[in-house]
Each structure stands twice: as C-alpha cells, then as structure tokens.
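Open your viewer and get ready to select residues. This tour goes stop by stop, with a short note on what is there each time.

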Amino acid sequence: MRPAIEREGSAGRIHAFSIHWAAPFLVAEFTEPQNMLSWSLTRPGFVIARSVAWLEVRDGDLPAHVDPVALLRRRMEAAGHGEAVHLMTSRSLAHHHLASAEAGAVTSSCLATVGLSNAGRVGEPFDGSAPAGTINLLAHAGTPLSEAARIEALSIAAEARTAAIIDLGLIRDGHVVTGTGTDCIVVASPRGNPEAPFAGLHTDVGLSLGRAVYDAVRAGGLHWLAERRSPRPQNAATGI
C-alpha cells in the first residue's frame, strides 16, 4: 500500500522541525537534539545536533585561494549556527522544497534544495566546466534508529534522490544524469529507545523516508528545469 503523502509545504506544520529562511541561511530546527549522519563539510559522520543549516554562496564568495570549509564554518558561527550540521550551496535558498510521507506508524520528512548545473552520470568523467550546482537534503525519520539503521537510511535517501533525478530525464553528454558531484545528505532521527534496527526498502522507515525524499527532490528538480526554460531578467542572480 502506497504511503499517505503530504507534498511540498512551507511552514513545516506537521514535521519534526521548523523551517526558517532569511538569506543567505536556511535552517531546519528541531525542538530536541537528534541523531544525525552526513558527510557535511564541517560536522560529518555520526553527530548529535538540533538543527541543519544551509549557507547560500556565489562564485565570488569562493575564489581559488579561499578555503570553503573555513568560510562555511566562519559564516555559520558568526550567524549563531555553529552547532548545526552545515550545508553549502549556490542554489537560491528561496527555492526549498518540503515533503513528508507516512508508512505504518512512521512519518518521515525531507527538506531539499536542488540545483543541477553540474549534474552528471555516475561513473562518467566530468570536465569541471559547469558551475557547482548541487543537491542538499535533510531526511528525517520520525522514529529512533540504530547506527546500522541510520547507515541504511542514508542509502535509502541516496537511492530516492537518484530515482527522482533519473525520472526528470535530464540528458548530459548523451547520458541520463543521476546526481551532481557536490550533493550532500543529512539523515536525522530522534534519540531514544527502542531503536529500529533496520531501515530498508520494505520497512516503514525506508518506505516513508524514500517517498519523502523522492517527492522533495523531484519537486526541486522540476522547479529548476522550469526556471531554465523561462526567460530570465537580465539582472537576475545566478541560482544554480
């Protein structure tokens, strides 16, 4: 049975986190600390945090001599987000997409920003000529997860993101693209017991999390494609 879906929203009314957007930051904030797993530039691996924060940057922010990790950490700390799990993107954070899904007793949510300027096909070389568009997402499962289940949930989120991008049908160099070279995923879950030991495709965690990620990434990808097909004002900023 397909899970019930609440598609994109802006206030996060039924979600485990609230969303705050004030350029150049987008913040998902939880009421209680969560277990998180990611490859964030500044807080990678298994960490405990109450928020996930995006920083929006432009090419001019990152000339060749600037360390992106140091820049990200410095700006986040200056804005009071030093303890968050940090993400960085050149995609306009005005374009964030939220989706949730339920399966059994588990509700999962995903907040995503989607830029596809440097999208490519996994296993194929990339010439580095395109701007650094990227996909960043927070995938939250509404039940405690063991460490193993968090790893499995990360794989489910990656699979759902890839499925959503493939279904967009974007072609580059003769190949359907599968993602970008600068994607980042954060998986979060409540702390507590009992912890779900697994989060595979056929579990309530995997089913709800996969659907939420798919819907949020697909919505973001469709929005990005629509922007590229529409005439843009000459003074419009590049949001990739």
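**Stop 1: two prolines**

Select Pro 24, which is found in the loop between β2 and β3. Strands such as these are DSSP runs of E with at least two residues, helices are runs of H or I with at least four residues, and both are numbered from the N terminus. The peptide bond between Ala 23 and Pro 24 is cis, with omega of about 10°.

Before you move on, note that this is a predicted model: local features need pLDDT of at least 70, side-chain atom pairs count only at pLDDT 80 or more, and totals for chains, interfaces and linings use all residues. Residues are numbered from 1 along each chain as its sequence is written, and side-chain values use heavy atoms, with hydrogens and water left out.

Now select Pro 194. Its place is in the loop between β13 and α3. The peptide bond from Asn 193 to Pro 194 is also cis, and here omega is near 0°.

**Stop 2: the whole chain**

Zoom out. The secondary structure comes to 3 helices and 13 strands. Of the 240 residues, 50% count as buried. Buried means under 20% relative accessible area, exposed means over 50%, and partly exposed lies in between (1.4 Å probe, protein chains only).

Next, think about contacts, meaning heavy atoms within 4.5 Å. Among contacts between residues at least 6 apart in sequence, 74% join residues at least 24 apart.

**Stop 3: strand β3 and its partners**

Select residues 25-38, which make up β3. Is this strand enclosed or open? Look at the burial of β3. In β3, 10 of the 14 residues are buried, so the strand is largely enclosed by the rest of the structure.

Two strands pair if DSSP finds at least two bridges between them.

- β2 (residues 17-22) runs antiparallel to β3, joined by 6 bridges. The two form a hairpin with 2 residues between them. Find His 20, which stands opposite Val 27 in β3.
- β4 runs antiparallel to β3 as well, joined by 10 bridges. This hairpin has 6 residues between its strands. Find Leu 37, whose bridge partner in β4 is Phe 46.
- β13 pairs with β3 in the antiparallel sense over 5 bridges. Find Asn 35, which stands opposite Ser 189 in β13.

**Stop 4: Met 36**

Stay on β3 and select Met 36, which lies in this strand. Is Met 36 buried or exposed? Met 36 is buried, with a relative accessible area of 1%.

Show its contacts. Leaving aside neighbours within four places in sequence, they include Phe 46, Val 47, Val 85 and Val 187. Then draw a distance to Glu 147.

**Stop 5: helix α2**

Select residues 147-168. This is α2, a helix of 22 residues. From its first C-alpha to its last, α2 reaches 32 Å, close to the 32 Å expected at 1.5 Å a residue. The expected span is 1.5 Å times one less than the number of residues.

Colour the buried residues of α2, among them Ala 153, Ile 156, Ala 160 and Leu 168. What do the buried residues of α2 pack against? They pack against β3, β4, β9, β12, β13 and α3. Just after the helix, Gly 169 takes a positive phi of about 75°.

**Stop 6: the nonpolar cores**

A nonpolar core is a set of buried Ala, Val, Leu, Ile, Met, Phe, Trp, Tyr and Cys residues joined through side-chain atoms within 4.5 Å. The largest one has 37 residues. Select Leu 116, Leu 137, Val 213 and Val 217, which have the most contacts inside it. β6, β7, β9, α2, β13 and α3 each supply at least two residues of this core. The largest share, 9 residues, comes from α3.

Now centre on Val 217. Leaving aside neighbours within four places in sequence, its contacts include Ala 112, Leu 137 and Ile 165. A second, separate core of 19 residues includes Phe 17, Leu 26, Trp 54 and Ala 188.

**Last stop: Asp 173**

Select Asp 173, in the loop between β10 and β11. Its phi is near 55°, a positive value in a residue other than glycine. At 69% relative accessibility, Asp 173 counts as exposed.
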